[in-house]
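Work through the exercises below with the sequence and structure at hand. Each task is followed by a stepwise solution.

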Amino acid sequence: MTEALYIDTEAKMNRFETEMIGKTMVSVDFEFDRNRYRFGFNMCLIQLMADQQAYLIDPLSDIDLQPFFRLMEDPTIIKLVFSFGEDHRLLNKYGCFPHQVIDLKVLSILLNFEGMSLARLLNETIGIELAKTSQKSNWFKRPLSMQQISYAIDDVLYLQSLYNHLCQHDRYNAISEWMDAEIKLLSDQDYSTIDFDKPYKEKEKR
(Lines give C-alpha, C1' and ligand atoms only; values in the text may rest on other atoms or scores of the structure.)
Protein backbone atom coordinates (compact mmCIF):
# COMPACT_ATOMS: atom_id res chain seq x y z
CA MET A 1 0.00 0.00 0.00
CA THR A 2 1.23 3.53 -0.82
CA GLU A 3 2.34 5.43 2.29
CA ALA A 4 0.41 8.61 3.09
CA LEU A 5 1.00 11.54 5.41
CA TYR A 6 -1.98 11.56 7.78
CA ILE A 7 -2.72 15.17 8.68
CA ASP A 8 -4.49 15.61 12.00
CA THR A 9 -2.39 18.30 13.71
CA GLU A 10 -1.52 21.91 12.89
CA ALA A 11 2.16 20.96 12.58
CA LYS A 12 1.36 18.42 9.87
CA MET A 13 -0.96 20.89 8.13
CA ASN A 14 1.88 23.44 8.12
CA ARG A 15 4.13 20.81 6.56
CA PHE A 16 1.46 20.09 3.95
CA GLU A 17 1.13 23.79 3.09
CA THR A 18 4.91 24.09 2.69
CA GLU A 19 5.10 21.01 0.47
CA MET A 20 2.38 22.38 -1.82
CA ILE A 21 4.50 25.43 -2.73
CA GLY A 22 5.37 25.26 -6.42
CA LYS A 23 2.95 22.43 -7.23
CA THR A 24 1.13 22.81 -10.55
CA MET A 25 -1.11 19.72 -10.46
CA VAL A 26 -2.68 17.65 -7.68
CA SER A 27 -5.29 14.88 -7.53
CA VAL A 28 -8.10 15.30 -5.01
CA ASP A 29 -11.02 13.27 -3.67
CA PHE A 30 -13.28 13.33 -0.61
CA GLU A 31 -15.09 10.90 1.61
CA PHE A 32 -18.26 12.37 3.04
CA ASP A 33 -21.37 11.25 4.86
CA ARG A 34 -24.82 12.41 3.85
CA ASN A 35 -27.51 11.18 6.22
CA ARG A 36 -26.03 7.68 6.38
CA TYR A 37 -24.34 7.47 9.78
CA ARG A 38 -25.12 10.99 11.00
CA PHE A 39 -27.54 13.74 10.12
CA GLY A 40 -26.46 16.25 7.47
CA PHE A 41 -23.84 16.60 4.74
CA ASN A 42 -20.45 16.17 6.41
CA MET A 43 -16.86 16.08 5.20
CA CYS A 44 -15.07 13.06 6.70
CA LEU A 45 -11.77 12.76 4.83
CA ILE A 46 -9.75 14.59 2.18
CA GLN A 47 -7.41 12.63 -0.06
CA LEU A 48 -4.74 14.38 -2.11
CA MET A 49 -1.88 13.19 -4.30
CA ALA A 50 0.94 15.51 -5.34
CA ASP A 51 3.79 14.06 -7.39
CA GLN A 52 4.41 10.71 -5.65
CA GLN A 53 3.23 11.73 -2.17
CA ALA A 54 -0.23 10.92 -0.81
CA TYR A 55 -1.90 12.99 1.90
CA LEU A 56 -4.93 12.17 4.02
CA ILE A 57 -6.34 15.28 5.70
CA ASP A 58 -8.66 14.60 8.64
CA PRO A 59 -11.36 17.30 8.81
CA LEU A 60 -12.77 15.67 11.96
CA SER A 61 -9.59 16.56 13.86
CA ASP A 62 -8.91 19.96 15.41
CA ILE A 63 -7.10 21.54 12.44
CA ASP A 64 -7.62 24.60 10.27
CA LEU A 65 -8.58 23.53 6.74
CA GLN A 66 -7.90 26.97 5.22
CA PRO A 67 -4.52 25.96 3.69
CA PHE A 68 -6.29 23.18 1.79
CA PHE A 69 -9.17 25.46 0.79
CA ARG A 70 -6.69 28.06 -0.52
CA LEU A 71 -5.06 25.36 -2.64
CA MET A 72 -8.45 24.39 -4.10
CA GLU A 73 -9.15 28.04 -4.95
CA ASP A 74 -5.70 28.69 -6.46
CA PRO A 75 -6.20 29.09 -10.26
CA THR A 76 -2.52 28.29 -10.94
CA ILE A 77 -2.86 24.72 -9.66
CA ILE A 78 -4.73 22.10 -11.70
CA LYS A 79 -6.96 19.87 -9.57
CA LEU A 80 -7.70 16.43 -11.06
CA VAL A 81 -10.95 14.94 -9.75
CA PHE A 82 -13.47 12.30 -10.75
CA SER A 83 -17.24 12.83 -10.64
CA PHE A 84 -16.95 16.13 -8.78
CA GLY A 85 -20.63 17.08 -8.41
CA GLU A 86 -21.21 16.20 -4.76
CA ASP A 87 -17.63 17.15 -3.79
CA HIS A 88 -18.19 20.58 -5.32
CA ARG A 89 -21.37 21.07 -3.31
CA LEU A 90 -19.56 19.93 -0.17
CA LEU A 91 -16.73 22.44 -0.67
CA ASN A 92 -19.20 25.26 -1.28
CA LYS A 93 -20.97 24.34 1.96
CA TYR A 94 -17.65 24.90 3.76
CA GLY A 95 -17.11 28.24 2.00
CA CYS A 96 -14.54 26.98 -0.52
CA PHE A 97 -14.97 27.82 -4.22
CA PRO A 98 -12.55 25.75 -6.32
CA HIS A 99 -10.89 26.83 -9.56
CA GLN A 100 -9.02 25.06 -12.35
CA VAL A 101 -10.74 21.73 -11.69
CA ILE A 102 -10.58 19.02 -14.34
CA ASP A 103 -13.26 16.37 -13.86
CA LEU A 104 -11.92 13.23 -15.53
CA LYS A 105 -15.38 11.69 -15.69
CA VAL A 106 -16.54 14.62 -17.83
CA LEU A 107 -13.40 14.35 -19.96
CA SER A 108 -13.92 10.61 -20.48
CA ILE A 109 -17.55 11.16 -21.57
CA LEU A 110 -16.47 13.84 -24.06
CA LEU A 111 -14.05 11.26 -25.45
CA ASN A 112 -17.00 8.88 -26.02
CA PHE A 113 -16.39 6.56 -23.09
CA GLU A 114 -19.63 5.49 -21.43
CA GLY A 115 -20.46 7.04 -18.07
CA MET A 116 -18.20 4.64 -16.21
CA SER A 117 -17.18 4.41 -12.57
CA LEU A 118 -13.57 5.26 -11.80
CA ALA A 119 -12.80 1.58 -11.17
CA ARG A 120 -14.15 0.48 -14.56
CA LEU A 121 -12.52 3.35 -16.45
CA LEU A 122 -9.11 2.65 -14.90
CA ASN A 123 -9.47 -1.02 -15.74
CA GLU A 124 -10.43 -0.38 -19.37
CA THR A 125 -7.85 2.35 -20.06
CA ILE A 126 -4.69 1.56 -18.07
CA GLY A 127 -5.42 -1.92 -16.70
CA ILE A 128 -5.68 -0.96 -13.01
CA GLU A 129 -8.14 -2.82 -10.77
CA LEU A 130 -9.52 -1.04 -7.69
CA ALA A 131 -11.18 -2.61 -4.69
CA LYS A 132 -14.39 -0.73 -3.79
CA THR A 133 -15.30 -2.61 -0.61
CA SER A 134 -15.02 0.45 1.69
CA GLN A 135 -17.10 2.87 -0.36
CA LYS A 136 -20.08 2.83 2.00
CA SER A 137 -18.20 2.23 5.24
CA ASN A 138 -18.46 4.57 8.23
CA TRP A 139 -16.02 7.39 7.47
CA PHE A 140 -16.74 9.01 10.84
CA LYS A 141 -15.02 6.10 12.56
CA ARG A 142 -11.59 6.77 14.06
CA PRO A 143 -9.08 5.36 13.74
CA LEU A 144 -9.67 4.50 10.11
CA SER A 145 -9.07 0.87 9.20
CA MET A 146 -6.19 -0.10 6.93
CA GLN A 147 -8.81 -1.14 4.36
CA GLN A 148 -10.38 2.34 4.45
CA ILE A 149 -6.98 4.03 4.15
CA SER A 150 -6.01 1.86 1.18
CA TYR A 151 -9.36 2.56 -0.52
CA ALA A 152 -9.04 6.31 0.09
CA ILE A 153 -5.52 6.50 -1.35
CA ASP A 154 -6.50 4.44 -4.42
CA ASP A 155 -9.13 7.05 -5.32
CA VAL A 156 -6.37 9.61 -6.03
CA LEU A 157 -3.36 7.40 -6.74
CA TYR A 158 -4.05 6.85 -10.44
CA LEU A 159 -5.82 10.06 -11.47
CA GLN A 160 -2.77 11.66 -13.06
CA SER A 161 -1.96 8.49 -15.00
CA LEU A 162 -5.57 8.39 -16.18
CA TYR A 163 -5.43 12.06 -17.15
CA ASN A 164 -2.21 11.53 -19.14
CA HIS A 165 -3.80 8.58 -20.91
CA LEU A 166 -6.97 10.50 -21.82
CA CYS A 167 -4.93 13.45 -23.13
CA GLN A 168 -3.30 11.09 -25.62
CA HIS A 169 -6.67 9.96 -27.00
CA ASP A 170 -7.17 10.50 -30.74
CA ARG A 171 -10.18 12.76 -30.11
CA TYR A 172 -8.62 14.92 -27.38
CA ASN A 173 -7.72 17.87 -29.62
CA ALA A 174 -11.22 17.85 -31.11
CA ILE A 175 -12.90 18.19 -27.69
CA SER A 176 -10.34 20.38 -25.91
CA GLU A 177 -12.45 23.55 -26.30
CA TRP A 178 -15.47 21.76 -24.85
CA MET A 179 -13.34 20.65 -21.90
CA ASP A 180 -12.13 24.22 -21.36
CA ALA A 181 -15.78 25.31 -21.22
CA GLU A 182 -16.52 22.58 -18.65
CA ILE A 183 -13.58 23.73 -16.50
CA LYS A 184 -14.89 27.31 -16.58
CA LEU A 185 -18.40 26.10 -15.76
CA LEU A 186 -17.14 24.33 -12.65
CA SER A 187 -15.40 27.51 -11.50
CA ASP A 188 -18.58 29.57 -12.04
CA GLN A 189 -20.99 27.25 -10.21
CA ASP A 190 -22.02 28.27 -6.68
CA TYR A 191 -24.01 25.94 -4.42
CA SER A 192 -23.40 27.91 -1.23
CA THR A 193 -27.04 29.05 -0.91
CA ILE A 194 -28.38 25.48 -0.80
CA ASP A 195 -29.50 24.17 2.59
CA PHE A 196 -27.69 20.84 2.63
CA ASP A 197 -28.88 20.01 6.15
CA LYS A 198 -32.60 20.23 5.44
CA PRO A 199 -34.79 17.47 6.88
CA TYR A 200 -34.51 13.91 5.66
CA LYS A 201 -36.12 12.71 2.49
CA GLU A 202 -38.35 9.65 2.88
CA LYS A 203 -35.73 7.33 1.38
CA GLU A 204 -33.08 8.69 3.75
CA LYS A 205 -35.18 7.96 6.83
CA ARG A 206 -34.76 4.24 6.11
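The model is predicted.

**Exercise 1.** Classify Phe30 as buried or exposed, and do likewise for Phe68.

Solution. Buried means under 20% relative accessible area. Phe30 has 4% relative accessibility, so Phe30 counts as buried. For Phe68 the relative accessible area is 0%, so Phe68 is buried.

**Exercise 2.** Determine which geometry the rings of Phe32 and Phe41 adopt, and state the accessibility of Phe32 and of Phe41.

Solution. Ring centres must lie within 6.5 Å for a pair, and planes over 60 degrees apart count as edge-to-face. The centres of Phe32 and Phe41 are 5.2 Å apart and the planes stand at 90 degrees, so this pair is edge-to-face. Phe32, at 28% relative accessibility, is partly exposed, whereas Phe41, at 0%, is buried.

**Exercise 3.** How many aromatic pairs are there, and how is the pair of Phe30 and Phe68 arranged?

Solution. The count is five aromatic pairs. In one of them, Phe30 and Phe68 lie 5.9 Å centre to centre with 70 degrees between the planes, which is edge-to-face. This pair links distant parts of the chain: Phe30 belongs to strand β2 (residues 25-34) and Phe68 to helix α2 (residues 66-73), 38 residues apart. Together with Phe69, Phe30 and Phe68 form one aromatic cluster.

**Exercise 4.** How many disulfides does the structure hold?

Solution. A disulfide needs two cysteine sulfur atoms within 2.5 Å. The structure has zero disulfides. For Cys96, the nearest cysteine sulfur is that of Cys44, 17 Å away. Cys96 is buried at 0% relative accessible area; Cys167 is partly exposed at 25%.

Conventions: Residues are numbered from 1 along each chain as its sequence is written. This is a predicted model: local features need pLDDT of at least 70, side-chain atom pairs count only at pLDDT 80 or more; totals for chains, interfaces and linings use all residues. Side-chain values use heavy atoms; hydrogens and water are left out. Buried means under 20% relative accessible area, exposed over 50%, partly exposed in between (1.4 Å probe, protein chains only). Rings of Phe, Tyr and Trp (its six-membered ring) pair if their centres lie within 6.5 Å; planes under 30 degrees apart count as stacked, over 60 as edge-to-face and the rest as tilted. Helices (H or I, at least four residues) and strands (E, at least two) are DSSP runs, numbered from the N terminus.
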